[in-house]
Amino acid sequence: MTAGHSGGSEESEQRLQESNFTGDLVSDLKLLQKCCERHSDTRIRELHIGHTDVRAAIVFIEGLSNNSEIQNNIIRPLMSNFAERYEGDASYAEGTVSGSFLINNVLSVSEWAAQSRVQEVMTAVLAGSTALLIAGSKEALILGTTKGKARSLEEPVSEAVVRGARIGFTELLSDNIAILRQQGKCDELCIERFVVGKRVKKDLVIAYMEEIANPQLVEEVKRRIAGIDMDMVHESGYVEQLIEDSYLSPFPQLQSTERPDRVMAALVEGRVGILLDGTPFALIAPVTFSMLLQSPEDYAERWISGTLFRLLRLLAALNSLLVPALYISFISFHPGLIPTKLAMSILGTREGVPFSSLVEALIMEVSIEILREAGLRLPKPIGPAMGIVGGLVIGEAAVQAGIVSPILVIVVAVTAISSFAIPQYNAGITLRMLRFIAMFCSAVLGLYGVVLFFLLLCSHMVKLKSFGVPYASPASSIRISDWKDFFIRAPIPFMKSRPKLLHTKNTKRKG
Amino acid sequence: MGLYPNLKRAFVMLWLLLLTGCWSSNEIEDLSVYVGIALDKGEVTAEEQQLREQGSAEKNIDKVTATLQIISSKSSSSSDQSTKTDQKPFINTAGTGDSVFEIFREFASRRDQPVIGHHMKIVVISGGLARANRLDDMLDFFYRDNDIRPSCFVVVSRGEARKTLETKVPGGIPAFRLVGMLDNRNRTLEVIPSVSLSKLQGYLQSGTSFILQNVLSAQGEIKFSGAAVIKGETKKLIGYLSEEELKGLVWLTGSGKGGLVKAYDHNDSGRSMAYEMKSMKSTIKSRADGKKLSFDVNIESEGRLIELWNHASIFNRPATKELEAIFEQKVRRLIDQAIKKMQQQYRVDVAGFGSHVRIEHPRLWQSVKKDWDSVFSQSLIHYKVKLKITEFGSLID
């Protein structure tokens, strides 16, 4: 960007930005214009205020600030006749108009600040505020007129539920906070604002319940967010990766969600929510592995169905992790463990398959991953058609051609479907990734290898912590009372206390 | 170790792991799965004889011929319908030698796919072989081998055992047919509780006499008929129980799950009738009078009259008591035969009277257990049979 400018001019600009306003409107405006040389969308409008000779100027960015608000609440009152009233004001001085009078009596703008430094003013203007410079005043008034570009509220795409709220977060932080507050009236809900990004600044908000959340947890979240040192934080995924406990672990250590009800439920449990401007994905910390297998629907439906869904998802998770590995170990190592009749049919169908079971499984697993990845990018009209073609080729034709056995097609299909039964998309990816490692382990050591892999995975999960909370809890640090909301979902009246593992200030939910 | 010592260490470990390759990996389609074995008296087959002559093999006494039933993968494929019809889904191959294991390993030099025994379901031992050799010697390999499951069943064939592993039904696997027939105990009294390798081990080690299911074969058809009697002392086959004797034994021990009693009414033109047994219970009590032992057996059964020929009208049915008496008489005759065979001909206890003595008179048992079979053959057996016809089927009369 700065390639065309010499070092000298850059230095002078530096000086320019660091300088303060002088109070002389003409020179101040010149100063500003210089700053705005490369911001061609800046608009400067000069005007006489209050039917007097006092000149003023407003500076704003076209499109980023709310035009009608500028017209109706800034320009129109400024140009109306308030001079007579002003003469009775305490701050009256001949030939000038004070900023405080304007704020108190004229301008109908809710958000304002006074600022004397040119750089600060420019930053505010570039974020959508309007700066008001008045002749004779050394301070510019910054008026909040930001109008973010937002889309309308939509149903969360990645976390659809049959029963439950249909609203999802959008890209606008102020909207998201509003949606969160809308979840219920609560004066305990704390929203603390941070700015992240060294060069491109973005608002980040952490939300927690003052009377519930463990203060140490809140402090830890704040500390980690304050430690973010990046020139720009594009998405909440950046935040997630910058504040997580272990970057080597395959498991997501913060939960990302588009669902405000999910964030709110987590806050009431005593967790902390992190919302970033510009992304519909909020983060929840701390997270345990069991949370990734839970869906808000578990609580919306009655407890029996909720429990069954949960067990089903656990089965799906195990499926998507282990089924191809078990297939390989049964076929290549332990033919005795297959029921005799099934062994006979496998024997028949695998006759003529030229590859070992590992290669066979890898071919199919990789091609179904390619199909999935391509499915994300395929244009909507082509998507289903290509899916069918891909499915046919992978399923039917590969068997007909004798590349793979039909049993494997079932195995691959079951695992692929299972991995999408997991409510958290990123948890599904984790399991899909680990599946390949499991396959290699089983190809080397058979069922023994699968067991070793699973033990390794479990020991890693037990050791892993998310913001001080063991990842495998409440299974690893056993708290039986927390098991009411673990594999099973106990009836709501039984869930009297908050999860103990979070060490909340207030432990009772009811009673 | 540089920047990430743990990472490097993990990498080295992974590398070492991968260096091992896929050890002990054997794809299922590269193996021959055998599901049944027939053990016969050593008799070298013609091909084997020729092979031996060409190869000048080791000198053998040829005690045993083992016939393996191997699942043929080529025809069990469901996609090839055409080949399935004219090809059997199994192959029987035989080998002869002095050691069962040696015979098994001989197959490695005769077949491209090594044989595995995980799915073996049944061992058929020919009567002739069992008469000449101890059972525990013949089965020693099956107990030691870690492929073969102890749940594998053992039966005896009075004829050639390898014939029982043949069938004329296309698509069927004879070994599975045999195993399936062992499940039919709720239909007939001729099938006795199946004896698995592990159960057999118990018999062999305790030294009790026992019976094994006998299977007959004729032109690809097989039938369970009677039982082979194994003497606990010698662990060799000493004879057979006929079908009637076996039924008598089953009634005596009350071990039947289902079956029938067929009888003739000799007072009334010898019409035939059948009683379908629904329950059978036998309580055996041992009585010791000094060294003289006697047994009181009380046999009770309930069932239905399922067939009655030649009854002129539906009101002209003989009294239930009369019918019961006829059936009871028939059962008594069966039991008499069984006891006679056990006590007088074979002089062995295969009905488990010994365990009653062991439990009820443990002191006495200590002194008689050494030659229990001969003590048993001199003891008295009193029995009472009570059959009760509780219903007459769906026919209303």
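Asp229(A) and Lys198(A) pair up in a salt bridge, with their closest N and O atoms 3.8 Å apart. Keep in mind that this is a predicted model. Across all chains, the structure holds 46 salt bridges, and here's a quick tour of a few of them.

**An exposed pair in chain A**
- The Asp229(A)–Lys198(A) bridge ties together distant parts of the chain, 31 residues apart.
- Asp229(A) sits in the loop between helix H8 (215–226) and helix H9 (236–243), while Lys198(A) sits in the loop between strand S6 (189–196) and strand S7 (202–209).
- Asp229(A) has a relative accessible area of 58%, so it counts as exposed.
- Lys198(A) is exposed too, because its relative accessibility is 51% and the cut-off is over 50%.

- Arg313(A) and Asp298(A) form a salt bridge with an N to O distance of 2.8 Å.

**A partly exposed pair in chain B**
- Over in chain B, Glu243(B) meets Lys223(B) in a salt bridge at 3.0 Å, N to O.
- Glu243(B) is partly exposed at 26% relative accessibility, and Lys223(B) is partly exposed at 39%.

**A network in chain A**
- Some salt bridges link up into a network: its members are Glu365(A), Glu369(A), Arg372(A), Glu373(A), Arg377(A), Arg432(A) and Arg435(A).

Note on methods: Residues numbered from 1 in each chain as written. Chains lettered and ligands numbered in written order. Predicted model: local features only at pLDDT ≥ 70, side-chain atom pairs only at ≥ 80, totals over all residues. Heavy atoms only, no water. Salt bridge = Lys/Arg side-chain N within 4 Å of Asp/Glu carboxyl O. Helix = DSSP H or I, 4+ residues; strand = E, 2+ residues; numbered from the N terminus. Buried < 20%, exposed > 50% of the residue type's maximum accessible area, 1.4 Å probe, protein only.
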